[in-house]
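This note sets out a colleague's remarks for a first reading. Please keep the sequence and the three-dimensional view at hand.

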There are 2 protein chains.
Amino acid sequence: MTNTPAVTLDDVRDAAVRIKGVAHRTPVLRSRTLDALVGAETFVKCENFQRVGAFKFRGAYNAASRLTPGQIARGLAAYSSGNHAQAVALAARELGTTAVILMPEDTPRAKVEATLGYGAEVVTYDRYTGDRVAIGEALAAERGLALIPPYEHPHVIAGQGTAALELIEEVGELDALVVPVGGGGLIAGSATAAKGLLPGIRVIGVEPEAGDDTKRSLRASRRISVPVPRTIADGQAADIPGELTFSLNRKLVDEIVLVGEDEIRDAMRTAFERMKIVTEPSGATPLAALLAGRVDAVPRRVGVIVSGGNIGAGRFAELLAG
Amino acid sequence: MTNTPAVTLDDVRDAAVRIKGVAHRTPVLRSRTLDALVGAETFVKCENFQRVGAFKFRGAYNAASRLTPGQIARGLAAYSSGNHAQAVALAARELGTTAVILMPEDTPRAKVEATLGYGAEVVTYDRYTGDRVAIGEALAAERGLALIPPYEHPHVIAGQGTAALELIEEVGELDALVVPVGGGGLIAGSATAAKGLLPGIRVIGVEPEAGDDTKRSLRASRRISVPVPRTIADGQAADIPGELTFSLNRKLVDEIVLVGEDEIRDAMRTAFERMKIVTEPSGATPLAALLAGRVDAVPRRVGVIVSGGNIGAGRFAELLAG
């Protein structure tokens with residue numbers, strides 16, 4: 001028995017070396033209008049500009065690159081209908097191998113096309129009758145593929161932490177860091193990096209009101225499941241925290257705040273009109289928390305991770321039209 | 001009589017020193033998807049992230065900061081219904097003085113509000129009966145204000161050139177630079193910087209088809225006026241090149257290409273969906289030129305100046321809906 005956590009700052013630093021030149025070092029945007037609205041100096045790490053349009057590529061590539069050459073040659077697998085699918089598909093291509101992605105039959109065509117576009121094979125299943133974890137594991141075992149999970153893996157979590165590492169390296173001292181929470185991988189990695197570099201930093205997670213499983217779980221000090229959330233923030237529609245991510249987050253995350261659907265829409269509009277950036281609903285939740293006053297006692301210097309921007313122009317217009 | 005041009009690389013460098021810490025050093029974005037669509041390594045200088053949402057702040061602030069302390073204290077003036085209005089208003093505020101902005105009576109309320117928001121006074125006139133230049137000059141003379149023109153001034157042009165200067169400092173050698181053309185100030189400054197640093201660079205201007213005054217003028221070797229253009233690219237609705245800007249551009253600009261209205265819309269959509277950035281129609285025209293194949297023999301490394309992103313989410317949706 002050891003007290004070393006499953007993911008450390010050194011793991012995040014190692015991941016940063018591995019993804020260098022493969023993932024984008026995304027820009028940190030400032031906006032004085034945003035600062036005035038939030039009431040703090042706000043530093044926005046734009047993972048919507050990351051490859052595949054979301055932070056997910058960091059973790060997927062880090063995990064894939066740590067496999068043995070033999071494992072890489074046999075190929076990767078993942079189950080995801082979202083950004084992780086494209087992240088694993090692109091990681092495979094970058095490593096010169098193939099990927100098989102398991103997606104629900106009713107996945108929007110654009111997401112299937114994007115995944116195929118990175119050269120992956122897509123296998124579909126019925127989300128109402130099938131268990132994606134079981135099907136994914138069986139598929140990987142049968143074909144000898146390395147399954148890259150969306151968050152329950154130390155290398156995935158370490159990779160996700162590199163965005164916060166880059167942010168703090170670039171801007172220095174921060175009083176707080178505000179991060180979206182879905183399965184918990186992004187915030188676990190972010191908190192590992194942030195508290196490793198700045199022990200006094202306050203790490204604030206943001207969930208949609210309908211998907212407050214991590215907030216409830218932290219309060220109860222055990223993993224609590226909620227009904228499958230109905231929210232526009234589809235990247236945060238988790239119904240229970242991951243085991244590994246929760247074991248990290250219960251030690252590292254200071255608080256979880258919730259945002260409503262209209263607050264998310266308003267933040268997407270503010271990001272569009274004031275910052276000129278495109279955010280998907282999940283990507284906008286940290287801005288929503290700050291803009292809607294969901295964070296108490298906003299400190300002087302706040303980092304925000306905008307986690308993704310994968311949304312079509314038509315869907316964006318629909319959402320903002322209400 | 002001297003052969004020294006009205007604006008030199010050194011003037012642009014001086015402007016860069018003056019705007020440092022006041023204007024944003026905007027990021028240069030890369031997107032492999034964009035590279036594949038364009039067929040070249042494409043470096044996008046994001047002036048949509050500039051203060052006031054467009055490159056205009058660079059020139060306005062540079063020109064204003066070069067006034068005497070007495071002139072600054074008496075205040076600034078400008079005539080503009082567009083981004084230059086907000087740029088001069090903000091420049092005045094940054095210099096601790098006031099600005100009076102002359103705007104047409106039918107200017108959209110949001111633009112008036114934004115200008116008032118920077119602390120300026122707005123004076124309106126009837127665009128169908130009044131001559132904005134004459135009214136603006138009379139207003140400035142009467143109140144003792146320093147008029148900052150939108151492009152016909154060496155300090156404004158030098159300021160606009162700092163975006164290209166930063167771009168080339170950051171990414172190095174470029175084979176071509178693609179820039180929107182309205183009155184000609186941005187491209188005159190950009191070409192001065194670019195050809196000063198990289199004598200072999202090809203400078204390509206982009207106009208909307210309806211507003212091809214600079215293309216016609218370069219072909220005729222004299223300033224040609226066209227009917228007031230009807231185009232969604234309102235920042236490029238000039239009907240005749242400026243005298244000063246044309247005298248520079250005829251020596252520095254290699255070619256002008258034209259883009260159609262639907263090509264501009266498609267480029268706005270591509271910028272949104274693939275690059276996750278918000279562009280106003282004028283800001284998207286250089287991307288439109290590259291994406292629609294309007295540039296012949298696209299070279300290996302291309303710089304693009306996305307000049308602005310001031311557009312409401314509702315108007316954006318309307319335009320993309322057709």
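Predicted model: local features only at pLDDT ≥ 70, side-chain atom pairs only at ≥ 80, totals over all residues.

1. Relation of the chains. Two copies of a chain are related by a rotation about an axis and a shift along it. Here, chain B is superposed on chain A by a rotation of 180° with 0.0 Å of shift along the axis, at an RMSD of 0.0 Å. The two copies are therefore related as by a two-fold rotation axis. Within chain B, Ile277(B) has the C-alpha nearest this axis, at 2.3 Å. Both copies use the same surface, for 100% of the contact residues of chain B recur in chain A.

2. Extent of the interface. The size of an interface is often given as the accessible area lost when the parts come together. Between them, chain B and chain A bury about 2,000 Å², and 63% of this area is on carbon and sulfur atoms. Which three residues of chain B supply more of its buried area than any other three? They are Arg32(B), Phe272(B) and Lys276(B), which supply 34% of the area that chain B buries against chain A. In terms of contacts, 27 residues of chain B meet 27 residues of chain A.

3. On the side of chain B that touches chain A, the elements giving two or more residues are α13 (261-275) and α15 (313-320) of chain B. By class, this side of chain B has 13 nonpolar, seven polar and seven charged residues.

4. A positive phi at Ser221(A). Ser221(A) is a residue other than glycine, yet its phi is positive, near 60°. This residue lies in the loop between α11 (213-220) and α12 (243-252) of chain A. Is Ser221(A) buried, partly exposed or exposed? Its relative accessible area is 42%, so Ser221(A) is partly exposed.

5. A positive phi at Lys276(A). Lys276(A), also a residue other than glycine, has a positive phi near 65°. Its place is the loop between α13 (261-275) and α14 (281-291) of chain A. Buried means under 20% relative accessible area; Lys276(A), at 5%, therefore counts as buried.

Technical notes. Residues numbered from 1 in each chain as written. Chains lettered and ligands numbered in written order. Heavy atoms only, no water. Helix = DSSP H or I, 4+ residues; strand = E, 2+ residues; numbered from the N terminus. Buried < 20%, exposed > 50% of the residue type's maximum accessible area, 1.4 Å probe, protein only. Least-squares fit on C-alpha atoms with pLDDT ≥ 70 in both. Contact = heavy atoms within 4.5 Å. Buried area = accessible area lost by both parts, 1.4 Å probe. Nonpolar A, V, L, I, M, F, W, Y, C, P; charged D, E, K, R; others polar.
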